[in-house]
Amino acid sequence: MRQAIRTGVAIAFAFLFQSTILPFFRIQGVLIDLLTITVFAAGYAGGLYTGIVGGLGAALLLEVISGDLSGLVTVAAVAAGAWGALTAKNLHKISLAGRRNIEKVIRRLGPMISVGLFCAAKELVYALYFYLTGVDFTWYHAGVVLLSGLIGLVASIVLLPAIQGFMCRAPEDTFIARWNKRRKAREKTKQKPAAKTAPAAPEGGTES
């Protein structure tokens, strides 16, 4: 339940941030697809069901609030969650005997590369959709597809571990839990009695 709430919060925050802040930081007209990265992370960390539900939630936000392309948005969002779950499943199967270093690199960078490929494929589908509606596919559109994949790859290198960490963080690893733990440790230290020392012998002899 806690992970589901965190996933919902992450998707909602990604939507708000992508709708309000990121449009001012477009790179050659290409927007950093934070919502796709977040939905991918939901599927990668939580499995197929979590990815699909997260994708449906993201699609609902995009269609109802933003008014983006209906149908395509839903398919793309759900596909991002499912793609994340599929990526996790396949990466966990990788086993390179005698090449553990290469295996670690593949498992570490595999999700980011997968995000980049998905972002490029998503833009390609959009371009083909507009082409079918009468818009010519030019070298500019090809550049947008490649740039979207590259931006998705670079952005996910930074964002994906942070998003996954937020979604899967254990209760004892939260900021409040760690703060309470440190506070209790300080209080315990203050209340700890001073080291017992032997009583000092009285000066001089006793009166007779």
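Which helix holds both Phe 40 and Tyr 44, and how many residues apart are they? Both sit in helix α2, 4 residues apart, or about one turn of the helix. The legends below take that pair and several other spots in turn.

This is a predicted model, so local features need pLDDT of at least 70 and side-chain atom pairs count only at pLDDT 80 or more, while totals for chains, interfaces and linings use all residues. Residues are numbered from 1 along each chain as its sequence is written, and side-chain values use heavy atoms, with hydrogens and water left out.

**Figure 1. The whole chain, helix by helix.** The protein chain has 7 helices and 0 strands, where helices (H or I, at least four residues) and strands (E, at least two) are DSSP runs numbered from the N terminus. Along the sequence that reads α-α-α-α-α-α-α. Buried residues make up 32% of the 208 residues; buried means under 20% relative accessible area, exposed over 50%, and partly exposed in between (1.4 Å probe, protein chains only). Take the contacts (heavy atoms within 4.5 Å) between residues at least 6 apart in sequence: 67% of them join residues at least 24 apart.

**Figure 2. Aromatic pairs, starting with Phe 40 and Tyr 44.** The structure holds 3 aromatic pairs. Rings of Phe, Tyr and Trp (its six-membered ring) pair if their centres lie within 6.5 Å; planes under 30 degrees apart count as stacked, over 60 as edge-to-face and the rest as tilted. Phe 40 and Tyr 44 have ring centres 6.1 Å apart and planes at 15°, so the pair is stacked. Phe 40 is buried at 1% relative accessibility, and Tyr 44 also counts as buried, at 17%. Tyr 129 and Phe 130 have centres 5.5 Å apart and planes at 70°, so that pair is edge-to-face. Tyr 129 is partly exposed at 35%, and Phe 130 is partly exposed at 37%.

Figure 3. Thr 87 belongs to helix α4 and is buried, at 8% relative accessibility. Leaving out residues up to four places away in sequence, Thr 87 touches Phe 40, Tyr 44, Gly 110, Pro 111 and Ser 114. The 22 residues of α4 should span 32 Å at 1.5 Å a residue, and the end C-alpha atoms are 31 Å apart, which agrees; the expected span is 1.5 Å times one less than the number of residues. Other buried residues of α4 include Ala 76, Gly 81, Gly 84 and Ala 85.

**Figure 4. Gly 46 and its neighbours.** Gly 46 is in helix α2 and is partly exposed, with a relative accessible area of 33%. Gly 46 and Ala 85 are 39 residues apart in sequence, yet 7.5 Å apart in space, C-alpha to C-alpha. Beyond residues up to four places away in sequence, Gly 46 touches Gln 3 and Ala 41.

Figure 5. About 820 Å³ of space lies in the largest pocket. On a 1 Å grid over the protein atoms alone, a pocket is an open set of points where a 1.4 Å probe fits, with protein on both sides within 12 Å along at least five of seven lines; lining residues have an atom within 4 Å of a point. Grid points are joined across faces, edges and corners, and a volume is the space filled by probe spheres set on the points. The pocket is lined by 38 residues, with Leu 31, Asp 33, Lys 122, Glu 123 and Tyr 126 nearest its centre. By class, the lining has 24 nonpolar, 8 polar and 6 charged residues; Ala, Val, Leu, Ile, Met, Phe, Trp, Tyr, Cys and Pro count as nonpolar, Asp, Glu, Lys and Arg as charged, and the others, Gly among them, as polar. Lys 122 sits in helix α5 (residues 100-132) and counts as buried at 16% relative accessibility. Apart from residues up to four places away in sequence, Lys 122 touches Asp 33, Thr 36 and Ala 76.

**Figure 6. The second largest pocket and helix α1.** This pocket holds about 180 Å³ of space. Its lining includes Val 9, Phe 13, Leu 34 and Phe 166, and α1 gives the most, with 5 residues. The lining counts 10 nonpolar, 1 polar and no charged residues. Helix α1 (residues 2-20) reaches 27 Å from its first C-alpha to its last, close to the 27 Å expected. Among its buried residues are Arg 6, Ala 10, Ala 14 and Gln 18.
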